[in-house]
Amino acid sequence: MNFYYRGFIYFLIVLVPIFYRWKWNDGHVFVSSDPQIKYYQVIHLAQGGSAEKCFFPASQIGFKTEQIPIGYPWAFFLKNGDCVFQYPSLFVWVQKLFLFLFDLKYITYFPILIFFINFLILDRIIKLFEDRPIFILITVILIQVFSPVFLSSLDYSELTLTNFFLLLAIYSYVCFVRTPKYYLGLILSFSIVFNFQLRPESSIALVLFLGSTYLLSDAKIQILKQLLPYVVFALIVQCFFFAYNNSVYGHILGMRGLNTVNDLGSNELQRNFLGEWVADLWGNDFKIGIFKGYPILFLSSVIVWQRKRNELIPFLVSGLFFILILPILSPYRAGVDIFGMRYYESGIYLLLIGTFISIWKLKPYNLLIIILLPFLYFSYKSDTRAIKQWSSSSKVYKEIMSEIQNINPDLIVHRGLSLSYLMGEGYVKYPQIAIFSNEEWLKVEETLKDKPLRILYLQWEGNRLVKDEFPKNIWKEKFDINFQLKPKVYSIQSEYKIAHFQGLLLEKKH
């Protein structure tokens, strides 16, 4: 079974997330919460704007950017007054290349394309340690499909692209150590820098792997001499990104890095390290827990069985160590239930690469299959659980978008930011703003004094957002907003029940 035959099988597997994305996008592009911000960044760039600046269509009808209905943790105002989105511009720039070949309506399929490419790179990595084609195929499928890695194929985010650079860095490094080639060194340099730009947490796993691999090498001095020019090159490339970040965000780490540093040093962020650690690894009321959701990760215990394990120890140790320390290092692993697992994918790749390659060296195979089957069943259940939840969310999302489309307002006004995670593609079609008091509503009426617009006012009574990862002051000032609307120039024409929140249609009094 050659590489091309395996590639065809991987393509058939990728048709599954393609099908669900097509199903979820039917009628309305399905983007909400974090993905919608990344979607707005691409839309803004496609319309001639910048990838990092806030996309605010309501500015065209006279509203100021300060009234944007997007806030923490997605949009921030810098000291110079600029509003910026926190997600990495690199993800948007790469998608710009995608748009040279495909229409904008297919942009949410971009992560799936990268997910397929990751199949191929992972295949090449496994081939470095395992020569038997059937075992290469099985290992790649188990890692890509029967682990939390699969979740990234269903989401519209930079995760698959982050994983792409992670895998490319691993492959180029292992190949470089075995046979130093200049192009492998360049690929390694770019991959490390781009991986860091997309998701700094992933770089922690990469540093752990590269460091442990180097320390366990018998030719440290030689490897250091060979790698030194590419280390310098990577630092030079990184300096360009530092300069860009500093010019745009006022900090060399960019908005995401700056926000992380600020929150880690803030007393406003409510952190319970032990509770977060247990929740991420074994679950709580809001999260399923990575080991409980995918107990296949427990197979890392094969590290104590494997004798000839020198090349695999860095995968096993760095992967497991990363998973265990991430809940402490990073305050951002948001996502209720099964979706909080996506931040661990870098460590999962490393851990499972080492685990499965080790397993295939054990015998008898019949016993191995019997041991694997229960683990695969639970992985399948977690995958389908995620699909069901996304499908359910898609259904509610379509109902919201369809209801707003039927109302067809000229402007949407949010009471606070508690509903900003559900704006979706509606934010592109209908100008939207947020207000936090009735006084601010009166200013809206003043802004629209010469524009008799139909306004849809949205409010969520009994706001039940999960607030554990919000700083207290931001939650109180921006999300826990409960004032009663008292219009003067406008009057309420009708009321709507839209999903779990209320909509009021207002028109100007005659």
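Reader: How do α2 and α3 lie to each other?
Author: In this predicted model, local features need pLDDT of at least 70 and side-chain atom pairs pLDDT 80 or more, while totals for chains, interfaces and linings use all residues. Residues are numbered from 1 along each chain as its sequence is written, and side-chain values use heavy atoms, without hydrogens and water. The axes (lines fitted to C-alpha atoms over the stretch in contact, with angles from 0 to 180 degrees between N-to-C directions) of α2, residues 34–46, and α3, residues 89–98, come within 10 Å and cross at roughly 55°. Since under 35 degrees counts as roughly parallel, over 145 as roughly antiparallel, 65 to 115 as roughly perpendicular and the rest as oblique, α2 and α3 are therefore oblique.

Reader: Which residues of α3 make the contact with α2?
Author: Contact means heavy atoms within 4.5 Å. From α2, the residues taking part are K38, Q41, V42, L45 and A46, and they meet, on α3, F91, V92, W93, Q95 and K96.

Reader: Which residues of α16 does α1 contact?
Author: On the α1 side the contact is made by Y20, K23 and W24. Their partners on α16 are I387, W390, S391, S394 and K398.

Notes
Helix = DSSP H or I, 4+ residues; strand = E, 2+ residues; numbered from the N terminus.
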